[in-house]
Amino acid sequence: MTKNGDILTIFPLVYIVIDDSMTIKTISGRSNTMLSKDTEFFEGKSLSLILDTPSLYKLKELLQNEESDEITTELNFQIAFEIHSFQAFIRKIDSLTMILLTPLSQEYLDTVETIMKISSDLSQLNSELMRKNKIINEQKKELEKLSFTDSLTGLYNRRQFNQAIQTELIKAKRKKYPITILMIDLNNFKEINDTFGHDKGDHLLQGFATITKRHIRHGLDFAFRTGGDEFLLILTDCDEKEAIDIGARLNKEFQKITDISSISYGAVSIPYDDDTKVEAFIQAADQKMYEFKKELKRDGAR
């Protein structure tokens, strides 16, 4: 899309900004073809360098007239020892004066200004569309994230587990390593909610999730909240003994933040060459976790 600055290079226009001392502050447009010099040549120099003496006096008188801030006139410029007349579109703003020069007629100037305004409006519209598209994309990403994460803990949810386990099993079969499922739940969770309230229960879930994220291998292991206080971990290239060690370590870290709960866990490995349905391994891990929990109750542990 064409911008206002681009239009100055398309049409025979030169845009000059001068201060009260007639010093050129900035200049843009087709100065090379209209004034025979690049813009860098003029910046910081006096306008008298190119404006002939009668036109310089004329401009000063026009600028001293406080009745109008917008002036249209004709000025003569000394270029390569020749005099060239240009239409000058002059606008005063505080201590600066903006001069738009062109050999074109006033009607043509009006057309160019209209085009510049349309271009500016289109540019603003394009910017607004880009901003709204960015917001829509961010909202879309957030919705996608919500579709596979648990809002309370930030861990993946059960839906994502179903997708992730299939992906990891394919990788395990190709690379020939085992995957172990570690099933975990929080002990006494219902009693904690009933006694201390759901805020306390939520706090424990969030605390355990934080510990889990900190103690699993990023990009290799994956943690999921699959129910109220139930969690599943996918541990790649990991056997049951290593998984049980991870469960014990998580339990130790969890009990550093609470003295009213602990975790129970059960681990089952899935051989890379086994075609048994994943649900069967989840049930086996659940059974081992249940046996672990019964043993804790017999020992009188929390």
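Is serine 262 buried or exposed? Serine 262 is buried, at a relative accessible area of 3%. Buried means under 20% relative accessible area, exposed means over 50%, and partly exposed lies in between (1.4 Å probe, protein chains only).

## Model and conventions

This is a predicted model, in which local features need pLDDT of at least 70 and side-chain atom pairs count only at pLDDT 80 or more, while totals for chains, interfaces and linings use all residues. Residues are numbered from 1 along each chain as its sequence is written, and side-chain values use heavy atoms, with hydrogens and water left out.

## Overall build

The protein has 10 helices and nine strands. Helices (H or I, at least four residues) and strands (E, at least two) are DSSP runs, numbered from the N terminus. Of the 302 residues in the protein, 40% are buried.

Contact means heavy atoms within 4.5 Å. Among contacts with a separation of 6 or more, 55% come from residues 24 or more positions apart.

## Two long-range positions

Serine 262 sits in the loop between α9 (240–254) and β9. Leucine 186 is 76 residues away along the chain, yet the two C-alpha atoms are separated by 5.9 Å.

Lysine 288 belongs to helix α10. Its relative accessibility is 36%, so lysine 288 counts as partly exposed. Methionine 183 is 105 residues from lysine 288 in sequence, and 8.7 Å from it in space, C-alpha to C-alpha. Leaving out residues up to four places away in sequence, lysine 288 touches Glu240, Tyr265, Gly266, Ala267 and Val268.

## Aromatic pairs

Rings of Phe, Tyr and Trp (its six-membered ring) pair if their centres lie within 6.5 Å; planes under 30 degrees apart count as stacked, over 60 as edge-to-face and the rest as tilted. By this rule there are seven aromatic pairs. One of them joins tyrosine 156 and phenylalanine 224. The pair is tilted, at 5.6 Å centre to centre and 40° between the planes. It links distant parts of the chain: tyrosine 156 is in the loop between α5 and α6 (158–175), and phenylalanine 224 is in strand β7, 68 residues apart. Tyrosine 156 counts as partly exposed, because its relative accessibility is 30%. Phenylalanine 224 counts as buried, because its relative accessibility is 0%.

Tyrosine 265 and phenylalanine 292 form another tilted pair, 4.5 Å centre to centre with 35° between the planes. Tyrosine 265 is in strand β9 (residues 263–270) and phenylalanine 292 is in helix α10 (residues 278–298), so the pair ties together parts 27 residues apart in sequence. Tyrosine 265 is buried, with a relative accessible area of 8%. Phenylalanine 292 is partly exposed, at 25%. Ring pairs also link Phe148, Tyr156, Phe161 and Phe224 into a cluster.

## Charges over a ring

A charge sits over a ring if NZ of Lys or CZ of Arg is within 6 Å of the ring centre and within 35 degrees of the ring normal. The charged end of lysine 37 sits over the ring of phenylalanine 41, 4.9 Å from its centre. Lysine 45 also lies over the face of phenylalanine 41, at 3.6 Å from the ring centre.

## Second largest pocket

A pocket is an open set of points on a 1 Å grid over the protein atoms alone, where a 1.4 Å probe fits, with protein on both sides within 12 Å along at least five of seven lines; lining residues have an atom within 4 Å of a point. Grid points are joined across faces, edges and corners, and a volume is the space filled by probe spheres set on the points. The second largest pocket has a volume of about 270 Å³.

Its lining has 14 residues, of which Tyr156, Lys213, Ile216, His218 and Ala223 lie nearest the centre. The elements that give two or more residues are α5 (106–148) and β7 (221–225). β7 gives the most, with three residues. By class, the lining has six nonpolar, four polar and four charged residues. Here Ala, Val, Leu, Ile, Met, Phe, Trp, Tyr, Cys and Pro count as nonpolar, Asp, Glu, Lys and Arg as charged, and the others, Gly among them, as polar.

## Positive phi

Most residues other than glycine have a negative phi. Methionine 22 is not a glycine, but has a positive phi of about 70°. Methionine 22 lies in the loop between β1 (14–18) and β2 (24–29), and is buried at 7% relative accessible area.

Serine 36, also not a glycine, has a positive phi of about 65°. Serine 36 is in the loop between α2 (31–34) and α3 (39–42), and is partly exposed at 39% relative accessible area.
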